Amino acid sequence: MAKKNGRRFVLLIDDPSNLDEESCLLVAQLVEHRAIDVIATGNYPGTISSLSELSERSARVDLAPFDLEKTEEVLTFALKQTMERHVSVQTQLASGGNPALIRDLIRHALKEGNLFCEAGVWRLAGPLTAGPAIRDRFAIQTSELSSQCRQALAIISSIGRTAVVDLHASGITVADLIKLERAELIRICPREWRASLRHPVHAELIQESMTTLEKAELIRHYRQLIGGRKIVHQDLTVLANLHIAEADWADVRLLHRAAQVARRTGDFPAVISYLRQIPNSDYTQSAYLMLADAYAQLGDHNSAYNTYDRAAAQVSSEDALASITIARAHTLWWSDEKPEAALATLESCQNSTLRTANSFRLARIIKLIKCSTGELPVHALANSPITPKSQSLCDYYEAALLALSGQPRTAIARIPAKRGETYVQNTRQDAVTYAWQTATLVLAHAESGHFDKACALGEEIVRALPWNVAPLPYLWLCFVIARAHYLAGRLRKARQYYVDSIGIARRRRHLGLLKLCLSGFAACTAQLGDLTSAARALNESRNLPSPMMFAGEELLGEAWVLACEGRLADSREVLEQASKRARGRGNFASEGLLLTEMIRVNGAGQAVGRLAELCVSSEGELMQLRRVLAQATREKDGDALWESAEALVAVSARLLAAEAYSTASTIFSRKGDQRRATAASRMADELVNETPGIHTPMLTVQKQTHSPLSAREMEVALMAARRTPSKEIAAHLCLSTRTVDNHLQRVYAKLGVASRSQLAERLLTVRA
């Protein structure tokens, strides 16, 4: 092999374990004669051993496994499309962050059709499983293990995180564990002194190699081992899993305690699994309520209601019946999104309640539900007492309703802020309550105009919470983060969180919230230029029930699809209908958002009056910024628009600011002030380039012409660029066909084009 410019070639070998003996010999000879240098990558010990001895200059560098963020980054790069967070989470859980396993898991899932792309979003149809490549590698890794090492793997794969002292008592030495750890088969946590599989997908392979008799004997041995010493917190889950595996053993108290631990961490499938092992005769009210809540969190409402019925049939005290009724009402109202049925249930119980304390509890939830449906004004909640040390979900519901009614500062004051590190340090923290608390704070901060703070807090907690956290609060948390990013104009980030929310809502059948998430996804996707995916999302959402909260926002996606098709008048009509719906429910935060969108589709004149009214009753500066933007846009005041854009940049509403600068540039240009027009256009460019691909009417048309289009010409141009016939444009805009053609000729002259195809090429090219 010839040298090039006096330098040796470098040979890169990915996973040398795939090389046969002849290839290894050839590489060895080339290295020995200094013809090449070798860089070999391998994710398992032994894969580079044959090559590392070829030269005295060889060195081994061990890289840390990927964390969840790095796994997401790699998958996004490889798949080239948006994906549900569920894909990256399941990949991380199965692989333990090992790059080779990530590659093989994804390749196998693609080959089997388990990982598929639908409407531009990657989704999983089922759990990730080991393919031939992983099985072959695992066979090589374990081929020379001793019987003690194999026994250790069998115990750990059956039990989960296993105490080292228990492994030692089973005849497994520290030397065996060190050998397994060096082989990257297990991981030992020094703080808890427990061992777990380094790559969880290997559990499937280990269990396949064990007979039923071997599994039963192992479980029986380990149960006796733990039973001979004091049970610690970490043993509860292990013992409960052993109980499920061995049906002839019963410990009701243990199963109940294990279910409580699982509930704190949001592992509701485990809660159901543990509690279903308890005989009916041993069920307590607490067990019934835990089981019903677990069903509700996972979207199995019929099972939840059946469990409530069983609980009610076994209690006789008024206090117990009131607790069961309140729990059922929570499920009807918040999880199943049936507020009318929840009210009927509560009022029926209230009529037969004698104790004052129970009447107060029932009355409080009735008041909350009526406020959420618009029957009562939300401002009445501001006077409700709250004790931070004993906050319940009702307190977070109240705070969320206050934020949506235009009182975000009051909502924030009612909930003490906590940070993700607090949750991480306190492993017994109730993950469900923590997710609700954070979702409420994110919503309130966003409505106060603190977009960066809201998004940073939400994303920090999403990373800190366990990946199996309760779907319903995690769903709401992802949704309010998506909404905060949307308000800030970060459409790609918003779309990603909407995708995550859609995946959870689909799997758990939270249909009202699914409608909201699909609408938000459609709005983001349409503005990013993908009208096909936006239309698919809208089609899916059409037959879904209306959401309980955020009234009116379910029409946001429809409005933006119309706007990006050039049908601005139709878009304004939809937004006006949506804002009236929000106003009727007392949902002033959603009304403010929808009126802001109306400004963005040439409807500032329709929005400015109502925004001025909202400023009187709303806390924070966000509504005031919206009013100033609407007024400046309506009056075509370039100076005021410039000032408005600067104020919007200060609160990180950068897309709105870009559109304000773009409109100001148009106004300055019409007045002949080219210097300021150019400056405003440059400012708009700088902001828009932070999120490539934005495709809104205020940005698309104005950037393609030095001679600005009028509002009517803009509407005609956008519709004509979508190949809409002049007759159809005339019908939409209530004009004659001749008038439309005249507008179109003026558009051609200003843009320097001669046909609709050239117009489409000029206007509809997505920003690079």
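Colleague: How are α24 and α25 oriented to each other, roughly parallel or roughly antiparallel?

Modeller: Roughly antiparallel. This is a predicted model, and in it the axes of α24 and α25 cross at roughly 150 degrees. Angles over 145 degrees count as roughly antiparallel, so the pair falls in that class.

Colleague: Where are those two in the chain, and within what distance do the axes come?

Modeller: α24 covers residues 451–464 and α25 covers residues 471–488. Their axes come within 9 Å.

Colleague: Left-handed or right-handed crossing?

Modeller: Left-handed, for α24 passing α25.

Colleague: Which residues meet there?

Modeller: On the α24 side they are Phe451, Ala454, Cys455, Gly458, Glu459, Ile461 and Val462. They meet Tyr474, Leu477, Ile481, Ala484, His485, Leu487 and Ala488 of α25.

Colleague: And how many of each class in that contact?

Modeller: Eleven residues are nonpolar, two are polar and one is charged.

Colleague: Next pair, α15 and α16. What is the crossing angle?

Modeller: Roughly 165 degrees, with the axes coming within 7 Å. That angle makes α15 roughly antiparallel to α16. The crossing is left-handed.

Colleague: What are the residue ranges, and which residues meet?

Modeller: α15 is residues 285–297 and α16 is residues 301–313. From α15, the residues in contact are Tyr288, Leu289, Leu291, Ala292, Asp293, Tyr295 and Ala296. From α16, they are His301, Ser303, Ala304, Thr307, Tyr308, Arg310 and Ala311. By class, that contact has nine nonpolar, three polar and two charged residues.

Colleague: Stepping back, how many helices and strands does the chain have?

Modeller: There are 41 helices and eight strands. The chain has 768 residues, and 53% of them are buried.

Colleague: What share of the contacts with a separation of 6 or more is between residues 24 or more positions apart?

Modeller: 65% of them.

Colleague: Let's look at α20. Is Glu398 buried or exposed?

Modeller: Buried. Glu398 is in α20, which spans residues 393–404. Its relative accessibility is 1%, and the cut-off for buried is under 20%, so Glu398 counts as buried.

Colleague: Which side chain does the Glu398 side chain have a polar contact with?

Modeller: That of Arg414, at 2.7 Å.

Colleague: What about Tyr397?

Modeller: Tyr397 is also found in α20. Tyr397 has a relative accessible area of 5% and is therefore buried.

Colleague: Which residues is Tyr397 in contact with, leaving aside neighbours within four places in sequence?

Modeller: His330, Trp333, Trp334 and Leu368. There is also a C-alpha separation to note: Tyr397 and Ser372 are 25 residues apart along the chain, with 9.1 Å between their C-alpha atoms.

Colleague: One more, Ser88. Where is it?

Modeller: Ser88 is in helix α4, residues 85–95. With a relative accessible area of 1%, Ser88 is buried.

Colleague: Which backbone oxygen lies 2.9 Å from a polar atom of the Ser88 side chain?

Modeller: The backbone oxygen of Arg85.

Colleague: And what is Ser88 in contact with, apart from neighbours within four places in sequence?

Modeller: Leu68, Thr71, Glu72, Leu75 and Met83.

Terms used: Residues numbered from 1 in each chain as written. Predicted model: local features only at pLDDT ≥ 70, side-chain atom pairs only at ≥ 80, totals over all residues. Heavy atoms only, no water. Axes fitted to C-alpha atoms, helices over the stretch in contact; angles between N-to-C directions. Helix = DSSP H or I, 4+ residues; strand = E, 2+ residues; numbered from the N terminus. Parallel < 35°, antiparallel > 145°, perpendicular 65-115°, else oblique. Left-handed = near helix turned anticlockwise from the far one by under 90°. Contact = heavy atoms within 4.5 Å. Nonpolar A, V, L, I, M, F, W, Y, C, P; charged D, E, K, R; others polar. Buried < 20%, exposed > 50% of the residue type's maximum accessible area, 1.4 Å probe, protein only. Polar contact = N/O pair within 3.5 Å; in protein donor to acceptor, adjacent residues only side chain to side chain.
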